[in-house]
Amino acid sequence: MYIMKCSERDKFCDGSIIPYGKIELSPSAGILNYGQGIFEGLKAYRTKDGRIVLFRPEENAQRMKIGAERMCMPSPSINQFVNAIKQTVIANKRWIPSVGQGSLYIRPLLMGTGSVLGLTPTTEYTFLIFTTPVIKSYHKGPLNLVVKDGLYRAVSGCGGTGGIKSITNYSPAYKAGNEAREGGFSDVLYLDSATGKFIEEVSTCNIFVVKGNAISTPKAEGTILPGITRKSIIDIAVDMGYQVEERDIPVEELLQADEVFCTGTAVVVNPVFSVTYNKTKATYKTGSETVSQKMYETLIGIQTGHIDDTKEWTLQIN
């Protein structure tokens, strides 16, 4: 794993690769007491011709910088972030699955590791990266989602953290997620907290709605994470001739869609089979002739070298 430290008034200097293992933290560390931390997620892939590539790592670096500023933390520069990712992947390259069998998931963490008891930013910060091999997709097959009323992923209108990858955004979703799985669903689709009328995100991924030649996705403003896979799929869809809109989507419109799919680093492009809202269950197209399958095949094709990377999204590291 990779580790790099700095104090509150300094900049990060070059870190080092060390054996994967436990880390030592003070009981009064900012990350433990006040949740001062953010993370990222990206993958390394083997291509059909044997190369090892990353997918748009500079986007993750930029998103971490934005999140760090919101959480009052120093952050690595974009070059430092990308170089650290490269070093970590090269050190773990034996764990990268063969092409078509999966990828190497990369988890960068930025944490307040200095001691602090008052409600104030801490004085020492740690940037850490570890990896693990993963299969092709986080979920097995199309999703069955349930819309939850009264439980929200993020709150609008108060400068919240829904638009960054703060660690504090995720464990509050455990309760709704557990209830959904106990009810036979794959995951939860959250509505906006201001009106309870518009769809926002699934627990760990963005959502797209297809109707005819139009593809819509909620605007990534404030409460919705600006996903890098989301951003890429929007560009791919436009190139394919679809009319893409980023806008508020009423839950009633979702229930009338032809097709629904989710996107994210972990889920890649995952079709949705059904959405249940109150007592209404809507079902959608899935399978080989769907928009989501076209998007999936194109994205994976670029990442694994089966389709020319004309947008220069991949970065070779070996």
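This is a predicted model: local features need pLDDT of at least 70, side-chain atom pairs count only at pLDDT 80 or more; totals for chains, interfaces and linings use all residues.
Visitor: Into which domains is the protein chain divided?
Guide: Glad you asked! The contact between the two parts takes 25 residues from domain 1 and 23 residues from domain 2. Along the protein chain, the division is into domain 1 (2-135) and domain 2 (143-304).

Visitor: How much area do domain 1 and domain 2 bury between them?
Guide: The size of an interface is often given as the accessible area lost when the parts come together. Here the C-alpha centres of the two domains lie 26 Å apart. Carbon and sulfur atoms hold 64% of the buried area, and the total is about 1900 Å².

Visitor: Which residues in domain 1 lose the most area to domain 2?
Guide: Three residues stand out on that side, and together they make up 33% of what it buries. They are F39, F55 and R63.

Visitor: How are α2 and α3 oriented to each other?
Guide: Helix α2 spans residues 57-70 and helix α3 spans residues 78-91. Their axes come within 9 Å and cross at roughly 125 degrees. Angles of 65 to 115 degrees count as roughly perpendicular and those over 145 as roughly antiparallel, so α2 and α3 are oblique.

Visitor: Which residues of α3 make the contact with α2?
Guide: The α2 side brings P57, E58, N60, A61, Q62, M64 and K65. By class, the residues of this contact divide into six nonpolar, two polar and two charged. From α3 come I78, F81 and V82.

Visitor: And how are α5 and α7 oriented to each other?
Guide: The axes of helix α5 (residues 228-239) and helix α7 (residues 291-303) come within 10 Å. They cross at roughly 110 degrees. That angle falls in the range of 65 to 115 degrees, so α5 and α7 are roughly perpendicular.

Visitor: How many charged residues does the contact of α5 with α7 have?
Guide: On α5 the contact is made by T229, S232, I233, I236 and A237, and on α7 by M295, T298, L299 and I302. Six of these residues are nonpolar and three are polar, and the number of charged ones is none.

Methods
Residues are numbered from 1 along each chain as its sequence is written. Side-chain values use heavy atoms; hydrogens and water are left out. Axes are lines fitted to C-alpha atoms, for helices over the stretch in contact, and angles run from 0 to 180 degrees between N-to-C directions. Helices (H or I, at least four residues) and strands (E, at least two) are DSSP runs, numbered from the N terminus. Angles under 35 degrees count as roughly parallel, over 145 as roughly antiparallel, 65 to 115 as roughly perpendicular and the rest as oblique. Contact means heavy atoms within 4.5 Å. Ala, Val, Leu, Ile, Met, Phe, Trp, Tyr, Cys and Pro count as nonpolar, Asp, Glu, Lys and Arg as charged, and the others, Gly among them, as polar. Domain bounds come from an automatic or database domain assignment. Buried area is the accessible area (1.4 Å probe) that two parts lose on being put together, summed over both.
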